[in-house]
Amino acid sequence: MTEILKLLNNLLQKKSDTINDWLKEQHVDHAPFFYNSVDIRYSGSKIAPVDTNIFPAGFNNLSQKAKEQACIEISNLLKNNFPDTKKIIIIAESHTRNLHYLENLKTIEDFFINIGKNVKCAYFDHLNNNHILNLKTSNQKDITIYPLQRKNDQIFVSNNFIADLIIVNNDLTKGKPEILSQISQHVIPSTDMGWYRRKKHNHCLAYNHIASNFAKEFNLDAFLITTELDFCDNINFNQNKGIECIAINVEKTLQRIKHKYNKFNIKTPPYIYLKANRGTYGMGIMIIHDAEEVLTLNKKNRKKMNIIKNNTLNAEILIQEGVPTIDTYQTAPAEPFIYMINGNPIGSILRVNKTRNHLSNLNSNGVEFINIDNNDQYKTKIPAYFLISKLASLATTQEEKFD
């Protein structure tokens with residue numbers, strides 16, 4: 001067991017109640033989002049989140065135990081915040097051809113059915129000409145997705161099913177849908193947190209701020225649970241616009257990392273992730289080892305970085321310290337991601353990719369998802385991963401401070 005893992009595990013064993021009280025205190029003015037998933041990298045020297053999703057998919061990959069815990073957390077959240085909720089609409093992505101996404105959607109639907117709620121799934125993009133979609137998931141389960149409709153300040157679906165609560169499972173890269181503007185029903189998570197508006201740099205700054213406060217409170221070095229960052233905007237990779245800014249800030253960030261590596265006697269060479277500041281699905285990401293690589297990007301890589309999901313121009317770049325992973329599954333590089341509901345971890349999954357190495361973005365071609373809730377190899381790691389995911393989830397509620 002490496003030093004950072006020992007430190008966090010010892011801390012959790014000795015001060016778990018104090019840590020929970022500290023986290024609750026941070027949430028006093030910032031209620032948790034409905035759900036999150038947090039991607040974590042563990043290098044042996046440090047444990048840090050590298051991405052936090054506010055509209056997560058993949059709930060179908062969770063263990064039965066995790067799904068049962070999800071129902072408990074959802075029930076508690078509704079009881080404490082939306083006690084009169086009987087009818088729920090889940091707003092889906094437009095991935096109706098992605099059978100695994102449909103399996104995820106069906107799993108979320110089942111969470112609410114299992115706690116006695118009346119629930120329907122809906123879409124708002126109208127690509128399907130307002131048809132009711134009767135589909136099959138990857139496991140051949142039936143799922144129906146209804147076109148979303150609106151009358152006055154309420155949205156509804158087929159047969160005048162008017163929801164008390166709207167759950168968004170669409171990352172809103174295209175923008176805030178007009179049909180959801182100024183409605184009387186509660187909407188969670190807030191559509192203001194869609195990728196049309198949300199920025200990864202703001203989240204990372206919020207996380208580093210919270211993690212630094214946590215580290216100070218519990219006598220840790222914040223470097224062990226954070227990543228070094230920088231940022232550039234007004235970028236156009238096809239036109240080579242703003243590339244010099246990226247190169248300069250990559251060099252500055254690498255120098256800061258090297259200084260820390262020297263302090264902690266870390267021998268591995270530092271590297272950088274360039275990431276689209278908005279969006280997900282592993283798009284708009286590349287690894288950089290020195291500033292010169294940025295200045296000499298070939299046409300293929302510029303094209304890869306220029307456009308992300310829904311043909312959105314990638315005009316802002318997060319520069320983030322790369323954290324190599326020492327986690328593996330059957331010798332393949334892996335990274336855990338933790339599912340959260342109401343700010344609490346419910347279960348964990350490994351993202352595994354046999355076609356990549358320990359430095360790589362594993363959310364790419366060849367990715368597989370493995371349940372690790374009952375995996376002996378990870379029993380000593382999961383408590384620390386859960387702690388880091390709680391800090392990251394807390395950070396999602398405070399991103400606006402860093403905008």
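Modeller: Strands (E, at least two residues) are DSSP runs, as are helices (H or I, at least four), numbered from the N terminus. This is a predicted model, in which local features need pLDDT of at least 70 and side-chain atom pairs count only at pLDDT 80 or more, while totals for chains, interfaces and linings use all residues. Residues are numbered from 1 along each chain as its sequence is written, and side-chain values use heavy atoms, with hydrogens and water left out.

Biologist: In which strand is Asn-169 found?

Modeller: Strands are DSSP runs. The run that holds Asn-169 covers residues 165–169. This is strand 10.

Biologist: Is Asn-169 buried or exposed?

Modeller: Buried means under 20% relative accessible area, exposed over 50%, and partly exposed in between (1.4 Å probe, protein chains only). Because its relative accessible area is 1%, Asn-169 is buried.

Biologist: Which backbone oxygen does the side chain of Asn-169 reach?

Modeller: A polar contact is a pair of N or O atoms within 3.5 Å; within protein, one must be able to donate a hydrogen and the other to accept it, and residues adjacent in sequence count only if both atoms are side-chain atoms. At 2.7 Å, the side chain of Asn-169 reaches the backbone oxygen of Pro-56.

Biologist: At what distance does the side chain of Asn-353 reach the backbone oxygen of Leu-362?

Modeller: Asn-353 is found in strand 20 (residues 344–353) and counts as buried, at 0% relative accessibility. Its side chain reaches the backbone oxygen of Leu-362 at 3.1 Å.
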